[in-house]
Amino acid sequence: MSLQMVTVSNNVALIQPGFSLMNFDGQVFFFGQKGWPKRSCPTGVFHFDVKHNHLKLKPAVFSKDSCYLPPLRYPATCIFRGSLESGKHEYIIHGGKTPNNELSDKIYVMSVVGKNNKKVTFRCTEKDLEGDVPEARYGHSIDMVYSQGRSMGVLFGGRSYIPAAQRTTEKWNSVADCLPHVFLVDFEFGCSTSYLLPELQDGLSFHVSIARNDTIYILGGHSLANNIRPANLYKIKVDLPLGSPAVSCTVLPGGISVSSAILTQTKSDEFVIVGGYQLENQKRLVCNTVSFEGDKIEIHEMETPDWTPDIKHSKIWFGSNMGNGTVFLGIPGDNKQATSEAFYFYTLKCVEDDANEDQKTLANSQTSTEDPGDSTPFEDSEEFCFSAEANSFDGDDEFDTYNEDDEEDESETGYWITCCPTCDVDVNTWVPFYSTELNKPAMIYCSHGDGHWVHAQCMDLAEHTLIHLSEGSNKYYCNEHVKIARALQTPKKAPPLKKPPLKSLHKKGPGKILTPAKKSFLRRLFD
């Protein structure tokens with residue numbers, strides 16, 4: 001597993017908790033900005049172009065026969081194919097929050113209708129349902145099952161606003177768990193049927209769901225009513241004969257306690273669970289592999305990624321699955337600095353670059369976490385922001401101990417040279433504050449005199465400023481030599497000297513007598 005920091009060149013403010021990523025034939029698209037779409041991109045859907053750890057968001061285009069698709073955060077999404085063997089796929093989008101904090105009960109289908117080297121054209125259609133229509137919700141899951149040549153959507157879990165009759169001024173926007181009903185949705189005929197299974201007693205949201213053929217596996221999740229993350233593992237089997245469908249549920253051992261985790265597929269029969277929370281005030285830094293052999297499912301802990309200190313210390317994190325075994329992660333920025341970014345982003349690759357990317361099994365998870373600015377206190381606090389500030393962190397984690405064998409060549413980098421008389425960084429107890437300290441260097445080169453290294457921690461700089469200065473193309477002066485930089489300011493331009501016009505030299509009078517030499521010079525000049 002490899003973790004890389006990603007820089008965002010434009011539209012970085014669009015990436016907020018609750019977004020979704022959709023992968024169409026290897027091209028990733030972003031959906032779910034926090035505000036209403038602008039004129040520059042009326043669709044609110046962007047091509048998510050990541051190259052060399054640099055992200056660009058490019059507006060996408062929709063066909064003229066598309067319906068309007070509002071920006072929805074925390075929706076349920078899944079891939080829909082006509083059959084398991086079908087190469088072409090569409091995305092199903094259900095529920096989610098609008099920028100006005102209203103919940104949606106609509107179902108949208110997104111498909112690609114045009115593609116060239118410069119742009120991809122989408123078509124979005126709205127599906128009307130009859131029968132047991134699922135109520136508006138968010139934090140739920142929707143998956144596709146395939147049985148006996150037929151396909152059905154399976155919708156489960158989520159949260160919704162409390163009924164209007166139960167609302168008061170104090171809890172007008174409060175949410176509650178949706179009833180633990182399982183909905184079967186037929187997208188061909190536009191009908192929905194709900195099932196109440198005795199094994200499913202409590203509502204769940206922000207859980208992980210995995211679809212394999214005619215079976216859905218539900219892992220983890222959070223019960224808002226009980227404020228617990230049960231370590232349950234449910235197996236929901238759907239049989240689709242010509243008559244009425246048959247739905248059954250089995251409780252399996254070996255589940256895990258996690259909510260808001262991200263699921264990505266690494267092989268046809270293997271998945272990786274990344275991120276999430278295991279307690280109300282504790283992120284889950286452990287990753288798990290979920291492997292299948294026939295009808296048998298096994299969940300094991302795997303080697304932990306080399307999380308950076310800022311990821312470890314952040315109270316919240318969020319992200320989504322990019323496909324092909326890659327996860328996109330975001331954490332809050334350091335808002336102590338006036339120029340700090342709102343969020344910092346990373347990509348986590350769970351497979352090697354030459355791994356098999358043929359993924360026939362469909363997978364989904366409720367990955368994005370709630371935004372603290374949108375809801376009443378504690379409404380979804382267990383999923384996004386806890387008792388402390390979003391960017392604060394505890395100092396209980398053990399610090400990395402410096403080991404000179406870990407350094408490549410200190411004679412060239414000067415990594416642990418004392419930078420200035422006021423430097424108090426202990427080289428034997430290295431406190432990595434910036435993520436760039438995990439590659440190099442976490443020092444800045446002062447331009448004064450012959451130059452000297454300055455520890456980044458002593459400068460109290462925002463991380464993006466450190467990265468910019470570390471590129472080596474900037475003149476930089478540390479705190480002790482900043483007066484020199486001010487003295488080197490460009491001097492004011494002196495006004496040009498006024499020269500008398502040449503024609504005045506032809507005038508005769510006092511002081512204007514032309515000698516023969518001057519007359520000869522002027523003739524040569526004007527001839």
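How many bridges join S11 to strand S17 (residues 191–196)? Two bridges join them, and the strands run parallel.

This is a predicted model, in which local features need pLDDT of at least 70, side-chain atom pairs count only at pLDDT 80 or more, and totals for chains, interfaces and linings use all residues. Residues are numbered from 1 along each chain as its sequence is written, and side-chain values use heavy atoms, with hydrogens and water left out.

**View 1. An open sheet of five strands.** The strand order is S11-S17-S16-S13-S12, with mixed pairing. Strands (E, at least two residues) and helices (H or I, at least four) are DSSP runs numbered from the N terminus; two strands pair if DSSP finds at least two bridges between them. Strand S11 (130–131) and strand S12 (141–147) are the edge strands, each pairing on one side only. Glu 130 stands opposite Cys 191 in S17.

**View 2. Positions listed as "binding site" in UniProt.** The unreviewed entry lists Cys 419, Cys 423, His 455 and Cys 458; UniProt positions are given in the numbering used here, feature names are shortened, and annotations may be inferred rather than shown by experiment. Cys 423 sits in the loop between helix H2 (410–413) and strand S32 (443–446). Its relative accessibility is 16%, so Cys 423 counts as buried (buried: under 20% relative accessible area; exposed: over 50%; partly exposed: in between; 1.4 Å probe, protein chains only). His 455 belongs to strand S33 (residues 452–455) and is buried at 5%.

**View 3. Ser 260, a non-glycine residue with positive phi.** Its phi is about 60 degrees. Ser 260 lies in the loop between strand S21 (246–252) and strand S22 (262–267), and is buried at 3% relative accessibility.
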